[in-house]
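Please open the model in a viewer and keep the selection panel at hand.

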Amino acid sequence: MNRQQEYVLRTLEGRDRRFVGLWFADVVGPLISVAVGPAELEGAFGEGIGFDGSAIEGFSRVSEADTVAKPDPSTFQVLPWAHADGGQHSARIFCDIFNPDGSPSWADPRHVLRRQLNKAADLGFSCYVHPEIEFFLFKDLDTDGAEPVPTDNGGYFDQAVHDTAPHFRRHAIEALEAMGISVEFSHHEGAPGQQEIDLRYADALSMADNIMTFRYVVKEVAMNKEVALEQGLYASFMPKPLRDHPGSAMHTHMSLFEGDTNAFHDPDDEYQMSATAKSFVAGILRHAPEFSAVTNQWVNSYKRLIGGGEAPTAATWGRANRSALVRVPMYTPNKASSRRIEVRSPDSACNPYLAYAVMFAAGIKGVQEGYELPPESEDDVWTMSRQERRAMGYTDLPGSLEQALDAMEESELVADALGEHVFEFFLRNKRREWREYRNDVTPYELRNYLSL
């Protein structure tokens, strides 16, 4: 038994924890968990916990159902709230998924991301990210098909709104930081009821774990009546819940480091961007249509990506241009460690493991192949017509889930980044979602066509 495993077991014993949640994600992204008592955890570290993989979205076929979850002790954290079973806190550990023969499961999203990070490491790079996670607070979920009601009418950076929003963010941040998840900023976003909490940068695998934890914590805090200040508060990561307001993004800042040196920084360049950074951005731009189905995986995701609302519509880049797909922040131009890029297309309902895998795959492909960075966009891309964008040489991002899946299906890069199993399952799952959406008769159609 290694030191990390011993620390987990001692902590559980010393604090009298009743149970531990073993967490992992399925291919689409929802959090999956199984609870074990501390007495069972020592065996789980060695042999894992067996479960029926065929019952988990995208894991295995019925004929190959036996699957093993092994907890990663480095991810152990005590959850920062009491439960009704005597006031004892629970804890969580993320798991890696294996086949019975001990080989990593190709269906495990953590394994997908780890494979991509190992490829980057072979080139001498460490991959870091810093996400800005947006979500909505609504008064309740029981809307019966009607548009949900936000908790407030606040706007960007608005503090003088109903007490619920700042009170909620404070408690959510306290819970996250109690688990060792550092928060950099928080504020009210542009739409009524819309919030943003930004996590401090970390390596990509740790951050993907943190995002899964973040979504769980935010929903738990929202359901806490003492925090919510009113009954029925509900947190939603739906990409576009309100028709006339911006959707929820997960703008992701990305950088590559070589040891302690930021590989994206060049003090002698006019943009202070190294050749590595420029080729990385070029890779993101070239392959963005191919990976959009992963970073924006829901039918509803494309209601956000229609222009305006700070959501990109074309594969462009710029420094201060928030209509571009990739922005190069210039807040601290002379600080080498801060040189990074910001990819603005992902939404906060993606599977973070898969999203980071394909985004780093695209950027690193650009570095390996020496992609040339196109000219910077200084235009307001949101207000341009399709013809104007084409005349400027801009490639449109997919306008629907179907278009995104068509682009993904032809992509060797995405197939290689995800692996054959996840690639094929993801396509089948999302094609089914698109068919179900096309079969649905929406309130819009009934309002406009029922009288025909």
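Strands, in the numbering used here, are DSSP runs of E with at least two residues, counted from the N terminus. The model shown is predicted.

Begin with strand β12, residues 250–258, and select H251 within this strand. Is H251 buried or exposed? H251 has a relative accessible area of 4%, and because buried means under 20%, H251 counts as buried. Next, display the residues that H251 touches beyond four places in sequence: H130, P131, E132, E134, R304, E310, E342, V343, R344 and P346.

Proceed to the largest nonpolar core, which holds 100 residues. Select F280, I284, Y356, F360 and L418, the members that touch the most other members of this core. Helix α9, residues 352–369, gives the largest share of the core, 12 residues. Now centre the view on F360, whose contacts beyond four places in sequence are Q116, C127, Y128, V129, A204, M254, S255, L256 and F280.

Finally, turn to the largest pocket, with a volume of about 1,600 Å³. Its lining comprises 42 residues, and those closest to the pocket centre are M238, K240, P241, N300 and K303.

Methods:
Residues are numbered from 1 along each chain as its sequence is written. This is a predicted model: local features need pLDDT of at least 70, side-chain atom pairs count only at pLDDT 80 or more; totals for chains, interfaces and linings use all residues. Side-chain values use heavy atoms; hydrogens and water are left out. On a 1 Å grid over the protein atoms alone, a cavity is a set of points where a 1.4 Å probe fits but cannot get out, and a pocket is an open set with protein on both sides within 12 Å along at least five of seven lines; lining residues have an atom within 4 Å of a point. Grid points are joined across faces, edges and corners, and a volume is the space filled by probe spheres set on the points. A nonpolar core is a set of buried Ala, Val, Leu, Ile, Met, Phe, Trp, Tyr and Cys residues joined through side-chain atoms within 4.5 Å. Buried means under 20% relative accessible area, exposed over 50%, partly exposed in between (1.4 Å probe, protein chains only). Helices (H or I, at least four residues) and strands (E, at least two) are DSSP runs, numbered from the N terminus. Contact means heavy atoms within 4.5 Å.
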